[in-house]
Amino acid sequence: MNAHRTVIAASLATAFLTPSAYAADELQSVVVTAQSRKQLVQDVPMTMQVLSTKDIEAVGAKDLADLNGYIPGLTVDAIEPTQPAFGIRGVQAGDFGIATDSPVGIYVDGVYTGKTGGALMNFIDVQRIEVIKGPQGTLFGRNSAAGAIAITTNEPGKELDAAAHVKLGRFNRANADVMMNFPISDTFAARFVAVRAGSEGWADNTATGKKSGGDKDWATRVSLRKDLGDAKLVFAWEHENMEQYGRPAFGVIKNPALPLGGYQGVYDAAYTANFVNPLDAPLANDQQGSEGRLFDGATLRFETPLAGMTFSSTTAYRRFKTHNFTDNDGGARNDLYLSTLDAKRAHSFQQEFKLSGKNDQLDWIAGLSFYHNNEHQDAGAYVTTGTLDTLSVFAGGDANFATLFGGLAAAGIPGIAADSVFSWDETHYSDVRTKSASVYGDTIWHLTPQTNATFGLRYTRDKKRMTWYVPGRVSPQLDDFLSRFGALAGLDASSFPSNVIFATAAQLASSPVTREKEWSDWSPRLVLDHKLNKDTLLFASVSRGYQAGGFNIFTPPNPSSTTRTGQDPSFEPEKMTNFEAGVKLALPDIRATVNASLFAYKFKNLQDIQLYSVGTVPTYNVVSSDQKAHGLDVDGRIRVSPRITLFGGFEYIDQTYTRYQRLDADGNVTLDLGGQPVGTPRLTAMAGINLNWETASGRASVNFQGTHATAQRCNSDTAALSCLRTATLKTGTAQSKFDLRVGWDSPSARYGVALIINNVFDQRYVQSLAGQTEQYGAPYANITPPRAIGVEFRASM
């Protein structure tokens, strides 16, 4: 509570700014391209925040997940890096199935990389990160209904340059990167970057004797730049290879008599009182799991003057393969064993053409873009006959396999015991082909020297083709057993269903089933901005975002028709309308800036990924909802003296459902959350201080900053586990985290050393309490990692 008050008081008292730059003379010179034009950040009439290389280094971040919390209102869930979730202003949805997308568009050098496998990549030679809040349908287009994250990397330069970093730390952390820039001629340059990051892990898995929670990946980028008079051509190739253990799943049920001995289908106080605190209990996952990604991307950009205008072309190809094999029962019990596989492979092609120009009255840009993506997904669920018995008992049936094996064991059949279990594997295959084309224009009209009106419009057409295929289960041990001894009990392989977990889907897609659908949209924006003086910008805007519809991966259609009662495989597009008014204020007399904006939005058909029962085991499917929210964004900073800079910001938001209904197979409403909170904390905040001073031997600096989020706002669907309060376990509570960097640089700034401490006060929280065994009384938890300490060494030319 004291940390909560401290952060809020600091933010309000100084109206700090998210740290876009620390030097005073950089305050007004940060150039961004959020409007597809090069502009000073203080002149852009939209809510956005910028992170520089210094900000990334301050927390030792290797990807966007490490910056979680440092942009209030931006959330990054990267518990599983091949299945990340990004949210802006409370709009956050999972991205599990290949037919869905995130409502936050992620772009690297103008190329859309927001699909699951390529969304959370290593930072490789990043120049800046622009986080733009609110729908960006006109300028960014594809899947930016809630906002956009634009990452800009460094191009090859004309000077010979080289730099390297090495970071060593707790949990056998070993990170390294190297950059080399070569001017081959006056008009030709090359740049090479290599990055490696890895740690052993912070959780001891007592079931396997191995560490969990670690990471291991490496990446390279080679870029070439050729100047052709006033034109330039830039080519970049990027490769990444990640391979690590699966994320740890901390079971909260340790009593062997549970869940069958106490769970009655409701998480009442009598049952949750048996939960242990996962922060104190040992990790015991019978499946260590693995998670990996192999990524390749090539980008070709061309820019040239053309008849008094500027023409640019961006051509990009991306391909990746991912696998995520994880423990999904949180324990090591044969009667609750469940592991899952999410494996994807995809390749995409993008092409965008832009033409821009400006004169004394107009500053305009027009574009045409194409996006093609082919993606395949294997979704596997792996259980045992013991698990199937448990599910049968939960449904009011008998432990059929245990009865069978027990009877045969009693009859003296060799090699079989009453507690025998055999594997039972099921896999759901799906493919999706996406084609998207759009044309757009955006014009800034200078009404007066102080006043501008911006008009923008994008037309988008999307087409998706989805194929489902669910073959029968694979159980070689069981089939071999039945072929040898099944006749004694009057059984053979046909005595059991072909599928239990994907039973409903298998009935409809035992042979490939395909559906196709198209959507189109107009996404406008209107902005008015006025400069009261050279240091004060006022703006107001209305904008709209759009995201194409798609298909539920685990609810294939009936092959004989496009839909069936209660199970339409498609869902409608997302549409968000946002109203915003703000001010950007520079106070040069006190070396400060203040940015503030009020916003209100309505979101229709948010495509959220939820667990609910389609077969025996709950599976991920899309549940659409309508939402509304209003709130306030404030950020600012003040340079108290040449040696002291304070910065920070906060976002207040009130977000509720206007429509959320869950239906059963007969179309009856089983859950209605209309009018209830979505779950987003009302307040997220960050604040920090940067100190620097010169010494006889160089330059020293200290950067201390922290983040805070108030408690999760639960509704009638999530309260049982997300806002749990027992004597041993609390979930959904307020969370804080603080990071420290103490550095020293040589007088020439060519080399330096820094101590980096993440989570300084070792604050630990239960991030979520759920999982695919949640509906059977055995949820598991994801928890935040402990304090990490590292030493970084830096050298450059």
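How many cavities of 30 Å³ or more does the count come to?

Modeller: This is a predicted model, so local features need pLDDT of at least 70, side-chain atom pairs count only at pLDDT 80 or more, and totals for chains, interfaces and linings use all residues. Residues are numbered from 1 along each chain as its sequence is written, and side-chain values use heavy atoms, with hydrogens and water left out.

The count comes to 13 cavities of 30 Å³ or more. A cavity here is a set of points, on a 1 Å grid over the protein atoms alone, where a 1.4 Å probe fits but cannot get out; lining residues have an atom within 4 Å of a point. Grid points are joined across faces, edges and corners, and a volume is the space filled by probe spheres set on the points.

Start with the largest cavity. It holds about 360 Å³ of space. Its lining has 30 residues, and V108, D109, T153, R221 and E238 lie nearest the centre. The elements giving two or more residues to this lining are β7 (104–108), α3 (116–119), β10 (147–153), β16 (215–228), β17 (231–244) and β19 (290–306). Helices (H or I, at least four residues) and strands (E, at least two) are DSSP runs, numbered from the N terminus. By class, the lining of the largest cavity has 16 nonpolar, eight polar and six charged residues. Nonpolar covers Ala, Val, Leu, Ile, Met, Phe, Trp, Tyr, Cys and Pro; charged covers Asp, Glu, Lys and Arg; the others, Gly among them, are polar.

D109 is not a glycine, yet has a positive phi of about 55°. Most residues other than glycine have a negative phi, and most peptide bonds are trans. A cis peptide bond joins L258 and P259, with omega about 5°. P259 lies in the loop between β18 (250–251) and α4 (269–272).

Now the second largest cavity. Its volume is about 160 Å³. Of its 18 lining residues, M46, P135, Q136, S541 and S543 are the closest to the centre. β25 (513–533), β26 (536–547) and β29 (574–587) each supply at least two lining residues. β26 gives the largest share, four residues. The lining of the second largest cavity has six nonpolar, eight polar and four charged residues.

Next, the rings. There are 30 aromatic pairs. Rings of Phe, Tyr and Trp (its six-membered ring) pair if their centres lie within 6.5 Å; planes under 30 degrees apart count as stacked, over 60 as edge-to-face and the rest as tilted. The W202 and F250 rings are stacked, because their centres are 6.1 Å apart and their planes at 10°. W202 lies in the loop between β13 (188–199) and β14 (203–205) and F250 in strand β18, so this pair ties together parts 48 residues apart in sequence. F250 is buried (under 20% relative accessible area; exposed is over 50%, partly exposed in between, with a 1.4 Å probe and protein chains only). Its own value is 6%.

F401 and W424 form an edge-to-face pair, 6.3 Å centre to centre with 70° between the planes. Both F401 and W424 are buried. The charged end of R473 sits over the ring of W424, 4.8 Å from its centre. That label requires NZ of Lys or CZ of Arg within 6 Å of the ring centre and within 35 degrees of the ring normal.

Note on methods: 1 Å grid on protein atoms, 1.4 Å probe; cavity = no way out; pocket = protein on both sides within 12 Å on 5 of 7 lines; lining within 4 Å.
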